[in-house]
Amino acid sequence: MKSIRRMSLLLLIMAMFLAACGNSGSGSNKADGTKKEEKIKLSIWHNFAGDDLRAKTVRDLIDKFAQEHPEVELDAQAIPPDGYRQRLSTVAAGNELPDLFFVYAGSHSAELYNAGLLQPITEVTDQYPEWRDKFLPGAFDPYTFEPDKIYSAPIGMSATSILYYNKSLFEQYNVKVPTTWDEMMIAIDIFNENKITPIALGNKAPWVAQSTIIGSLADRVTGTEWFMNAVAQNGAEFTDPEFIEALGYFKQLVDKKVFQEGANSIDNTQAEQYFIQGNAAMMISGAWSLTNMAASASEEQMNVVDVTVLPAIPGGKGNANSISGGAGGGLALSTRTEGAVKDAALELIYAVSGPEAQKAIAESNSMVMYDTDIDESKVSSLYYKAFNLVKQSNITPVYDAYLSAEAAEVINNGLQEIMVGGTPESVAKKLQEAQARSKNQ
Amino acid sequence: MELRTTTAANIAIDSTGKKLALKGLSVLGKLILIGYAVLTLYPLYWLFISAFKTNEDFFKNPYSLPHAWMIENITRAWKLGNMGRAMLNSTFVTITAVILTLVLGILAGYVLSRFEFRFKKVAVTLFLAGLLIPIHSTLVPLFLMMNKIHLLDTYWALILPYTAFELPLAVFLAIGYMASIPREIEEAAMIDGNGWWGVFGRVIFPLCSPIVATISILAFLRFWNDFSFALVFINSQVLKTLPLSLSLFSDGFGTDYSLTMGAMAIAVIPTIAVYLILQDQIMKGMVAGSVKG
Amino acid sequence: MPTALRSKGFIALALLPALLLFVVFVIVPIFWSAYYGVFEWKGIGASKFIGAGNYREILQDPIFWRALKNNLILVISAIIGQIPIALLLALVLVKNSFFSRFIRSAVFMPMVLSTVVVGLIWGYIYHPQFGLVNTILEAVGLESWTRAWLSVPHVNIFAITIPINWSNIGPYMIIFIAALQNISSEIYDAAHIDGAYGRKRLFYVTLPMIWSTVVVTMVLCISGSLKAFDHVMVMTQGGPAQSTELLATYMYNNTFRVYRYGYGSAVSTIIMIISALLIGINYILTRRKER
């Protein structure tokens with residue numbers, strides 16, 4: 001008992017000491033506030049919290065803005081991406097959003113817009129028209145909720161369906177890199193016979209198969225127009241035969257045991273590693289894999305990897321030379337931000353997504369939705385290949401950027417269902433119901 | 001002092017607990033226990049070897065020792081995660097909340113186990129209900145409420161909810177434990193002229209050291225590892241706690257396992273220390289406590 | 001005994017701070033949340049009163065029933081797995097020798113680790129390609145038993161119960177040891193004189209003495225299993241195809257991934273009602289045994 005008491009006393013003293021520290025900390029903050037009352041207080045939340053090049057680049061851009069604008073007292077919060085949405089949702093419920101915050105393209109920003117929490121940033125895009133016009137086609141689509149009003153400028157670009165392949169495995173087994181579905185089937189058979197996993201997939205977070213495979217695959221079958229109509233529930237439905245056919249191609253992959261066993265219980269990073277270590281011949285993944293692999297693979301491992309687009313589908317209505325992708329997230333402006341704070345916030349948007357920023361981000365081995373040239377020597381060779389591949393390809397929509405949040409969840413789970421024995425028809429039916437329900441609300 | 005020695009004599013508990021144990025373990029029994037211990041210790045070992053690997057090494061040889069020992073993982077995680085400050089914050093928040101939980105929980109448990117009064121059933125039921133509440137469902141209301149009373153973004157925004165959510169467990173463990181303390185002890189103390197506060201402070205609480213230690217361990221682990229509250233109720237960088245540092249190295253598209261493991265290895269050391277200190281307290285038990293007290 | 005008045009003052013002063021803190025920070029928010037349950041609300045923006053609409057939809061959703069079934073599997077596995085093993089370990093390890101101290105610390109260690117580490121290591125143990133389980137099965141010639149333990153529906157939920165039990169045994173063991181420490185040796189001496197040793201002593205002396213603690217641990221097991229969230233979130237995220245969905249993950253996904261805040265709140269209200277029912281049943285059953 002004595003030692004417990006002694007210990008609790010010690011802890012109590014420590015606690016009081018810390019409390020004193022904490023208080024003095026917040027106290028001095030307040031003092032600052034009163035002294036320099038003219039300072040513009042600007043708060044920003046983003047999720048560039050990690051140690052990867054892109055996150056560091058964006059943080060540097062924000063720091064640079066703070067240095068160049070001494071009149072602004074910037075409160076920048078880097079929130080771990082894993083908890084970012086949860087944090088933002090909770091705070092939005094309390095109507096306590098910061099002045100500027102990072103939003104994802106698609107249903108995330110749409111929900112915030114629908115709740116009346118965003119205001120347009122068109123002022124800043126009109127102020128720098130040469131900047132606005134150098135964005136790639138469609139860059140502002142997910143952020144144009146009303147005609148001629150832009151609500152965010154994408155900081156990056158998601159290219160989600162790059163076909164990565166291991167050149168040395170293709171050479172070793174004398175396989176042609178597939179450009180048609182039939183060639184893909186042949187390649188799969190050869191690798192399976194040789195006990196090489198044809199395609200690595202880590203679908204534990206169920207958005208992966210949807211984002212990397214189905215968007216691109218289905219677009220080849222149905223064409224983009226059909227998808228946009230189905231999203232709008234305007235003359236097309238997800239139960240239409242073309243979509244069931246598209247899911248059927250996915251099922252065909254599953255039935256041919258294309259993915260390694262248990263793909264639904266390993267994560268993205270593990271699948272990338274499985275591929276880069278030569279256990280799998282191919283991997284269909286987004287541009288993010290470039291960053292991840294660069295951080296953890298050796299040079300020899302990276303040198304045998306090459307990139308291309310998914311193979312064409314016979315008789316498909318869509319363009320085969322395409323990659324699914326679109327505008328990445330960007331900074332959005334809270335409705336409550338006004339006056340001088342708003343001006344500063346718009347400047348900060350330009351600082352983080354303006355021409356120089358786009359170039360810096362592109363050179364941090366990360367795709368941008370902006371017409372910029374990059375210095376080949378500053379980036380990895382695989383990234384350079386992928387950058388040019390994306391530039392030369394058509395960009396088709398990623399499903400979850402357009403579906404409602406609920407419908408996206410349904411297709412995510414539905415693909416896992418097909419992987420454990422479900423049928424395309426039942427998944428299509430559920431997706432149709434979910435999208436129709438969201439549209440009717 | 002006198003009182004306590006007499007009490008101790010009354011209950012005369014075998015401090016080594018020898019008589020309580022099942023008679024001598026067979027060799028086979030010991031082997032099974034050792035096997036089980038290996039199963040439970042292995043993840044700790046795995047965490048520490050993984051914390052020193054490169055990402056490539058981690059994936060290639062998940063079970064073997066590191067090829068090269070990357071001390072850098074630890075130092076980089078420490079620096080990037082701002083873990084020094086986070087560690088101080090976590091320590092302060094956790095310890096304050098544990099002390100509050102102990103004092104309030106054991107007092108309440110004592111009252112609820114020993115006294116008959118009108119609203120007792122209501123109080124017990126309320127606390128019981130507290131055990132059933134999934135914390136995620138209270139995030140939004142708690143946020144709204146603490147926002148209204150200007151508690152957000154202070155240490156108290158964590159300390160008070162932590163304590164409140166741990167109280168049901170503390171109260172229940174205390175009630176269960178009190179049942180095994182003979183009432184004669186209190187009666188003897190009463191005769192010696194103590195009021196209820198005296199009985200509780202001088203007799204009951206010292207007898208509670210095993211359950212104090214148990215509650216402390218469980219509460220400490222819960223508070224130390226909490227992510228959800230820390231994520232939502234704290235805003236300022238200087239107030240952030242450890243679990244937020246641990247999740248920095250995963251961005252939804254990929255995870256930097258070596259840095260994550262490095263950060264986790266740092267964060268787990270205090271918890272092991274606290275457990276080892278408190279586990280002795282559980283065992284030293286009552287006689288030692290009440291005699292020397 | 002002191003006067004009734006003094007007792008009253010003590011009761012009030014000792015109980016009120018705990019009760020107040022608890023009511024303000026736990027009970028009020030939960031009623032607040034239950035109130036959201038009757039709205040169609042995304043967590044942001046306008047809300048629409050829909051009465052029992054959310055509840056009706058929940059009860060018609062097959063995924064809810066699957067989640068409930070999975071939770072019941074966890075409850076059963078916790079009660080037959082965690083409590084007996086923890087009690088057995090406590091009985092064997094209550095001695096304060098170096099050996100039992102060492103084993104005790106070891107048994108508790110999984111609890112010390114964050115769930116993320118536990119999830120990661122078990123992910124490797126169950127790994128379809130390099131997992132320990134499959135490697136061992138192959139080594140002993142049971143290739144046909146190997147599988148992707150966390151991917152195959154109906155198998156994976158059972159695979160998940162093992163790490164959950166494994167991490168939770170430690171705290172229950174500690175709770176039991178604390179209770180066992182408190183049994184006076186006079187009682188054992190008396191039992192000895194009455195001829196109760198070994199198994200007889202265990203069932204007629206030890207168990208009844210710590211019965212209240214056993215009941216408490218059962219309540220904790222039930223409520224803990226119904227709230228279970230972290231392990232599943234880390235290991236499978238409730239998938240594949242929602243085959244390992246639990247009530248808490250179902251609630252979380254609806255609230256924070258699909259932005260159906262009202263619906264999620266209704267789910268958490270249902271979780272509490274179910275827990276209360278189960279604990280009520282447990283109370284009745286364990287009371288009978290006591291007689």
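Good morning. Chain C holds 13 helices and two strands, where helices (H or I, at least four residues) and strands (E, at least two) are DSSP runs numbered from the N terminus. This is a predicted model, in which local features need pLDDT of at least 70, side-chain atom pairs count only at pLDDT 80 or more, and totals for chains, interfaces and linings use all residues. Residues are numbered from 1 along each chain as its sequence is written, while chains are lettered from A and ligands numbered from 1 in the order in which they are written.

The C-alpha trace of chain C spans about 70 × 70 × 30 Å along its principal axes. Of its 291 residues, 54% count as buried, that is, with 20 or more other C-beta atoms within 10 Å of their own, C-beta atoms being placed from the backbone.

I turn to chain A. An automatic or database assignment gives the domain bounds: domain 1 covers 39-156 + 328-371, and domain 2 covers 159-324 + 392-440. Their centres, taken over C-alpha atoms, are 30 Å apart. Twelve residues of domain 1 and 13 residues of domain 2 form the contact, with contact meaning C-beta atoms, placed from the backbone, within 7 Å. On the domain 1 side, helix H2 (53-68) and helix H4 (107-114) of chain A each supply at least two residues. That side has four nonpolar, five polar and three charged residues; Ala, Val, Leu, Ile, Met, Phe, Trp, Tyr, Cys and Pro count as nonpolar, Asp, Glu, Lys and Arg as charged, and the others, Gly among them, as polar.

Key: Contact = placed C-beta atoms within 7 Å. Buried ≥ 20, exposed ≤ 12 C-beta atoms within 10 Å, placed from the backbone.
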